[in-house]
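Dear colleague,

I am passing on the structure below, followed by notes on what turned up in it. Please read the notes beside the coordinates.

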Amino acid sequence: MAEASGAVAGVRRPYLLLIGILLIATNLRAPFTGVPPVMSMIQASFALGSIQAGILTTLPLLAFAVMSPFMASFARGYGLERCLFAAIALIALGIAIRPLGSLWWLYAGTGAIGIGITFGNVLLPSLLKRDFPHRIAAITSAYFLAMNLTAACVSAAAVPIAQASGLGWTGALLAVMVLPAMALLAWLPQLRKHTSPLANTAMPPKGGRIWRSALAWQVTLCMGTNSVLFYIMISWLPAVFISSGYNATEAGSLHGIMQLSGALSGLVMGPIVQRMHDQRAAAVLTGLLTALGLLGLLFLPGWGLFWAICIGSGLGASFLLSLIFIGLRTQSPRQAAALSGMAQCAGYFLAAFGPPASGAIHDATGTWYLPLAICIVLALVMSAFGYLAGRKLQIPEAAA
């Protein structure tokens, strides 16, 4: 009964709630996707090697992996709305302290941003399952579009802002503060409407039973391989393009185009998924498109714009499918939160090794050939797990 009443309460002002969800989504990638285009400036400031620079991307992923299983418990104790407000406040704090002048503050701010993003990543699918149970694919596509479109704009603008502001990379990173500021203001009405936690919403997995579900693992590994690939590309795609002869501004623009392509893929994928009997074909095609883009980047880097579009579209559509799987393969908000926590804990733990490992391989070999070849294999693995996760099945409620 409490869960049902929560769903009614959640849609009394659906447009206000939807605006808040979309503005929260703008904060779930942009605060760290603006870092790679100015990474060379950061490396010069602190004399960082590739592995140390890769840690700047790995820290948020470790936060995702470590904190994801606890997010459902926080939501049960304090309410989804309060937790999401706290998430954006934490992101704002991280953005503020990141450029304070020392490497320690840079890492600490990055970690704070990672924890804040973890709240949003895990709890938004549960919020959608509760308040928009019949529009999961459409609204997931909308917030996915907002998330990636903002990230693309931040990536493309990072180098020009750094150059125009006179503050260098610190100015580029501080400019992102406008995103959490807007989200905090938009989310205030939700705190007034939902002042107490909802029973049976976003409960943690009991005894870890969902971790023993084969279907849950298929969703998790589909998201995990996607995350490994995405964060390797987020971390090193500008460097790959620069090594192929592009300048820093061009590399940053292509980095943004990759993310913009991922955002636009959501406009296509959402309506298609709603009409499909299952999602197996879509999952396989997104993996193959990613592999094609990586293969082209390896052998024909001069076609960088086309390959950036292929990689971004493939990874973006695959990640959107992973988010949709969380809603479609579960039977309740409680189970959706449990699966979301599992998928993001295990998936991001795997992804955390991608950027520093790729940097280390590059340093050892002096080229990006081997890291890109490994990524092609991962794209094929992503297709396989996507095929399994795309079957029209649901996890038994007992596994929640």
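**Helix packing and aromatic contacts**

H6 and H7 are roughly antiparallel to each other, a term kept for angles over 145 degrees. The axes of helix H6 (residues 80–97) and helix H7 (residues 103–131) come within 8 Å and cross at roughly 155 degrees, and the crossing is left-handed, meaning that the near helix is turned anticlockwise from the far one by less than a right angle. By class, the contact of H6 with H7 involves 18 nonpolar, five polar and two charged residues.

This is a predicted model, in which local features need pLDDT of at least 70 and side-chain atom pairs count only at pLDDT 80 or more, while totals for chains, interfaces and linings use all residues. Residues are numbered from 1 along each chain as its sequence is written, and side-chain values use heavy atoms, with hydrogens and water left out.

Searching the whole structure gives 10 aromatic pairs (ring centres within 6.5 Å). Among them, Trp-104 and Trp-105 have ring centres 5.0 Å apart and planes at 85 degrees, so the pair is edge-to-face (planes over 60 degrees apart).

Phe-32, Phe-230 and Tyr-231 form one aromatic cluster. Arg-29 lies over the face of Phe-230, at 3.9 Å from the ring centre, and also over the face of Phe-319, at 4.6 Å (CZ of Arg within 6 Å of the ring centre and within 35 degrees of the ring normal).

Best regards

Key: Rings of Phe, Tyr and Trp (its six-membered ring) pair if their centres lie within 6.5 Å; planes under 30 degrees apart count as stacked, over 60 as edge-to-face and the rest as tilted. Axes are lines fitted to C-alpha atoms, for helices over the stretch in contact, and angles run from 0 to 180 degrees between N-to-C directions. Helices (H or I, at least four residues) and strands (E, at least two) are DSSP runs, numbered from the N terminus. Angles under 35 degrees count as roughly parallel, over 145 as roughly antiparallel, 65 to 115 as roughly perpendicular and the rest as oblique. Ala, Val, Leu, Ile, Met, Phe, Trp, Tyr, Cys and Pro count as nonpolar, Asp, Glu, Lys and Arg as charged, and the others, Gly among them, as polar.
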